[in-house]
Amino acid sequence: MINPINFAFKNAKEKKRPALLTYTVAGDNTKKKSLEILKSISKDVDICEIGFPHNTPIADGGQIQTSAYRALKNGLKISDVFQIVKNFKKSKNSKPVILMGYYNMIYQYGENNFIKKCKSSGVNGLIVVDLPWPENKGFAKKCKSKAISFVQLLSPTTSKERLKNIIKDSHDMIYYISMLSTTGGRLKVSPKQILNNYNRIKKIDPKKNCVIGFGITEKTISKLRSADGLVVGSAICKEITRSLNNRQNPVTNVSKVVAKLRNKIS
Amino acid sequence: MMKLKKKIPLIDQHDKFGFWGGKFGGSYIPETLKKPVDDLTKEFSKLRKNKNFIKKRDFYFNNYIGAPTRFIKLKNLSTHLSGAQIWAKVVSDANGGAHKIYNATVHALLCRSMGKKYIVGDTGAGYAGKMLSMAAKKFGLKCKIFMGAKDIKRQKPNCDAMIKNGAEIVPVKTGSQTLVDAVSECMRYWVSNCDTTHMCVGSTVGPNIFVKICGWSTAQISRELKKQIKIQFKKIPKKIKLINCVGGGSSAYGFWSEFIDFPKSQIELIGVEAGGPKNSKLHAAPLSRGAKLGVLHGAASYVCQNNEGQINETESISAGLDYPGVSPIHCFLKDTKRARYTYATDEDALNAYKLVTKFEKLNPSLEPSHAFAEAIRIAPRLNKDTVIIVNSCGDAKKDRDILKKRLGRIT
């Protein structure tokens, strides 16, 4: 059976568009609302990245920090994250789920327990922001043995030699960080340059699905549509914040934003 | 079982992944920082073997920082407590008034030699920030300091100094608005600007290389002290206790590094953490109050955290010790039982400050006042052949406002 993440990419490719990946923080702004948002946007999304919030994030910009603090303030626990995933996966239009977060939370939960819980709640992949290669080799192997994709990250600072090694050890999907930035920064390099780097990665192994993330918004997404997949995170978190500030329903507003994003690449 | 090696500096006793004792330290960093961290690691390992670089370091240590700092007997305090002799290594004599100048100077030299023009750093008590701004000015670098909004308020004199030195202070308003948030924000800034900017971590914390650079820099303290002890006592006395406060742990490592190979029965190493207000549940004492191992700011160490791995808020009168994590090398020293760690409360530190300043011409800041609290506690029970040495690693000028509020007087 084809792995759901690969299937999502295949499906998008058949329709001649990049896969759309969204990032939302579990429990933002409440458990109920974050599940509603996932259910509502999933018709336009190919893969859902769901963040498990940490209160000391070293690579997230303001928008995602705000979302994470909001979720934690409302008492979100790691068990709630798994519950949200489980409920989402039971819903009609559910999509593959990649959990994303910082290593300390996995470490405190216990690596094996965490993976087991991922499996039983229907998580398909994991991104651990502060567990780089080669330090992540052991954990990535454990994930693979339970058919969970460990997503390796690549950045503009990754050397050629390192690129090769990381890609060799990667699973179904790799994630290219578009620029030197925390999440949600303004796109400070040209889409052309980003795609140049992206193509260098694809050349090393054309079969690996590679997504581009960081700095992708309604304005920039169409210029990068030749990639296998594109991740939008901060723009969505920002919309949740905006909706809450204006006392509007984040579910409808975020769904509109995601529909627009999808339109731009279809 | 975890074991210390002899004749190898502690900062070099890690494995290939950067872990001390197989589990403390490492480099838990985003992919983007891998290259700048690798570059810095290569540059540092090259320079520390380079005779010219060492010459340059020693030149600035001697002529800019001012070496050696004094080693003095606190006669009146010793007489008053009528037990062990109490001595102080007055590291606050150093240019700028605290040990943070060693690390800041070395980072400024590294920044220059890597051809970077911008330097950023974090600060809690404001000393790391003040010193980095001084070193940046001295070596012609543009400097940005990340500091918690709460700390900016309580350590104003150091902020004034930073501004005077031409540095930009970036107030950090997330989380508890203290050192932990300043370090996070500084790392985030570095992620976005690592191509042009060098980052200085203000203590022996963070990814492995920053622990090493900082420890290598502050080790100057114990190199001086070892010579001074030999001159003073003709040989190393049979019973010494080296007492130092521990926040991140940079001054403690620097104070101890030359003495780690000595038997514990001869030279005892005592680290004093911040116990926080007397009846508060919050503290900043991960080593002495049994915190669990966790990952914070790129390294594994004992960390004040909850069961889920969220980092706890801390509380201490001393901004420099108000940090939920601690250096991996102190975790290693704890688990190998080479050093003993305890804590002093805010009140203990204030009382110690009162007693020291009553009897001696010394004005230790609230950080070393924690160390003095432990010295004062144990000295009466010991005989006069025991030599207690406290690292008076900071000057209380920065604590003016807090001391005035709590003790009703101006220093």
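**A walk through two chains**

In chain B, 75% of the contacts with a separation of 6 or more are between residues 24 or more positions apart; two residues are in contact if their C-beta atoms, placed from the backbone, lie within 7 Å. Before we go on, a word on what you're looking at: this is a predicted model, where local features need pLDDT of at least 70 and side-chain atom pairs count only at pLDDT 80 or more, while totals for chains, interfaces and linings use all residues. As for labels, residues are numbered from 1 along each chain as its sequence is written, and chains are lettered from A and ligands numbered from 1 in the order in which they are written.

Let's stay with chain B for a moment. Its secondary structure comes to 15 helices and 14 strands. The C-alpha atoms fill a box of roughly 60 × 45 × 45 Å along the principal axes. For 411 residues, a compact globule would have a radius of gyration near 22 Å, and the 19 Å of chain B agrees with that. (The radius is taken over C-alpha atoms, and the globule rule is 2.2 Å times the number of residues to the power 0.38.) Buried residues make up 60% of the 411 residues in chain B. Here, buried means 20 or more other C-beta atoms within 10 Å of a residue's own, exposed means 12 or fewer, and partly exposed is in between, with C-beta atoms placed from the backbone.

Now chain A. You'll find 11 helices and 9 strands there, in a C-alpha trace that spans about 50 × 40 × 35 Å along its principal axes. With 266 residues, the rule for a compact globule gives a radius of gyration near 18 Å; chain A has 17 Å, which agrees. Of those 266 residues, 56% count as buried. Among contacts in chain A between residues at least 6 apart in sequence, 72% join residues at least 24 apart.

How do the two chains meet? The contact takes 31 residues from chain A and 31 residues from chain B. On the side of chain A that touches chain B, the elements giving two or more residues are α3 (62-73), α5 (103-109) and β6 (152-154) of chain A. Of these, α5(A) gives the most, with 5 residues. That side of chain A divides into 15 nonpolar, 13 polar and 3 charged residues. In this count, Ala, Val, Leu, Ile, Met, Phe, Trp, Tyr, Cys and Pro are nonpolar, Asp, Glu, Lys and Arg are charged, and the others, Gly among them, are polar.

Next, look inside. The largest nonpolar core has 220 residues, a core being a set of buried Ala, Val, Leu, Ile, Met, Phe, Trp, Tyr and Cys residues joined through C-beta atoms within 7 Å. Helix α8 (residues 179-193) of chain B gives the most to this core, with 8 residues. The residues with the most contacts inside the core are L126(A) and L230(A). Leaving out residues up to four places away in sequence, L126(A) touches I98(A), L99(A), C118(A), C143(A), I148(A), F150(A) and V151(A).

Strand β1 (residues 19-25) of chain A holds V25(A). Is V25(A) buried or exposed? It is buried, because 31 other C-beta atoms lie within 10 Å.

Finish with some backbone details. A cis peptide bond runs from D28(A) to N29(A), with omega near -5°, and another cis bond joins W133(A) and P134(A), with omega about 5°. In chain B, S82(B) has a positive phi of about 40° although it is not a glycine, and S82(B) counts as exposed, with 9 C-beta neighbours inside 10 Å. H297(B), also not a glycine, has a positive phi near 50°, but H297(B) is buried, with 27 other C-beta atoms within 10 Å.

Key. Helices (H or I, at least four residues) and strands (E, at least two) are DSSP runs, numbered from the N terminus.
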